[in-house]
Amino acid sequence: MPNHSLNALTQRSAPLLKILGCEYPIMLAGMGGVARHNLAAAVSNAGGFGVLGMVREPAALIRSEILALRELSQAPFAVNLIPACTNAALLKEQVDTCLDLDVSTFVLFWDVDTALIRYLKSLGKIVIHQVGYQCDADAAQAAGADLLIVQGQEAGGHVRGQTSTLSLLPQIIQHCDVPVVASGGIASGQSVAAAMMLGAQGVSLGTAFLATHEANAHLHHKQRVLAAEADETIYTTLFARNWHEAAPVRVLANAATRGEYDSADRDLIIGHQDGQPVYIFSTDSPLVGATGKLDDMALYCGQSCSQISTLCSAAERFQQIAEDAAQRLNQLP
């Protein structure tokens, strides 16, 4: 049963909620490795929209994660894929697996793959595209995307654009005919309310949910995020070893960003996780079970880290943010 105290949060989001099929306009960001079934299910069960971060993952893992999520939740969810950094054969396997399991919603990111969007739309699927530039927003909308996530440069992880969330958001909304979700720099009710006052119908949260019990991030990563302030994050292209281009990411400062590995062998192994080596400057962040020099890996973190300070369950964080956002929106004329 809906929480009527949150009406101020939902009344601005009717088109978005109709598309997503969830109660509240708060999405989980599709963080690769971190947003697995436990976290996605927790967000969906709280009334938000869970997203599985399946970037470059083998089809077998995608299948097992989808099935595991459905054991924990009957609520709607999406699978996040990034076509640009995935070879064509693997991408086909990923998409085919999702289709075989009747996944209804896809979140795509980075370059706009018009052919894939049109293919998914021809099958009646919902397509969400995360963008960081006006040109990407235009291309995704022209291809048939059902809604857009506008990611500002404050965001953690891979960052597509170079403009702040609160500057880019109203610009794209002005030129957009589909619902828009804000991402980047948002981890509190106050920042959710700010985004919605600028016209966003919802928000997509990464850092806020990374620092929860259900996230698949290593505890060391969570603790570093909780201890960080906004101005301690670093925007860098260093962590690009297994990405298709030297793309910018936002991380926490560590030995790698301080230049302590500048003269190191680029094949230097600094740890292991999921049975595989982790190389210096890899895009791999430390996940549960990772070993080695965890602090020297990519510690993804958005500037919203200053808005959170405690480790809690995803449901608790969701409720705190949703209630605070509703209260602030309800005070507006």
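Residues are classed here by relative accessible area: buried means under 20%, exposed over 50% and partly exposed in between (1.4 Å probe, protein chains only). By this rule Arg36 is buried, with a relative accessible area of 12%. The model is predicted: local features need pLDDT of at least 70, side-chain atom pairs count only at pLDDT 80 or more, and totals for chains, interfaces and linings use all residues. Residues are numbered from 1 along each chain as its sequence is written, and side-chain values use heavy atoms, with hydrogens and water left out.

Arg36 takes part in a network of salt bridges with Glu57 and Asp274. A salt bridge is a side-chain nitrogen of Lys or Arg within 4 Å of a carboxyl oxygen of Asp or Glu. The structure holds 12 of them. Glu57 and Arg36 meet at 3.3 Å, N to O. Both residues are buried. Helices (H or I, at least four residues) and strands (E, at least two) are DSSP runs, numbered from the N terminus. Glu57 lies in the loop between E2 and H4, and Arg36 in the loop between strand E1 (26-28) and helix H3 (37-45), so the pair ties together parts 21 residues apart in sequence. Asp274 and Arg36 meet at 3.6 Å, N to O. Asp274 sits in the loop between strand E12 (269-273) and strand E13 (276-279), so this pair ties together parts that are 238 residues apart in sequence. Asp274 counts as exposed, at 52% relative accessibility.

Another salt bridge joins Arg328 and Asp324 (3.1 Å, N to O). The two are four residues apart in helix H12 (residues 314-330), separated by about one helical turn. Arg328 is partly exposed at 33% relative accessibility. Asp324 is partly exposed too, with a relative accessible area of 22%.

Strand E2 (residues 50-53) is covered on both faces. Gly50 and Leu52 are buried on one side, Val51 and Gly53 on the other. In a regular strand the side chains alternate between the two faces of the sheet. Two strands pair if DSSP finds at least two bridges between them. E2 runs parallel to strand E3 (residues 77-81), and four bridges join them. Gly53 stands opposite Asn80 in E3. The chain crosses from E2 to E3 through helix H4 (residues 59-72), and this β-α-β crossover is right-handed. That is, with the strands pointing away from the viewer, the path from the first strand over the helix to the second runs clockwise.

An open sheet of three strands has the order E7-E11-E10, with antiparallel pairing. Strand E7 (157-158) and strand E10 (233-236) stand at the edges, each with a single partner strand, so one side of each lacks a neighbour in the sheet. Four bridges join E10 to strand E11 (residues 249-252). Thr236 has Val249 in E11 as its bridge partner.

Rings of Phe, Tyr and Trp (its six-membered ring) pair if their centres lie within 6.5 Å; planes under 30 degrees apart count as stacked, over 60 as edge-to-face and the rest as tilted. Trp110 and Trp243 are edge-to-face, 6.0 Å centre to centre with 85° between the planes. Trp110 lies in the loop between strand E4 (105-108) and helix H6 (114-122), Trp243 in the loop between E10 and E11, 133 residues apart. Trp110 is buried at 2% relative accessible area, and Trp243 is buried at 9%.
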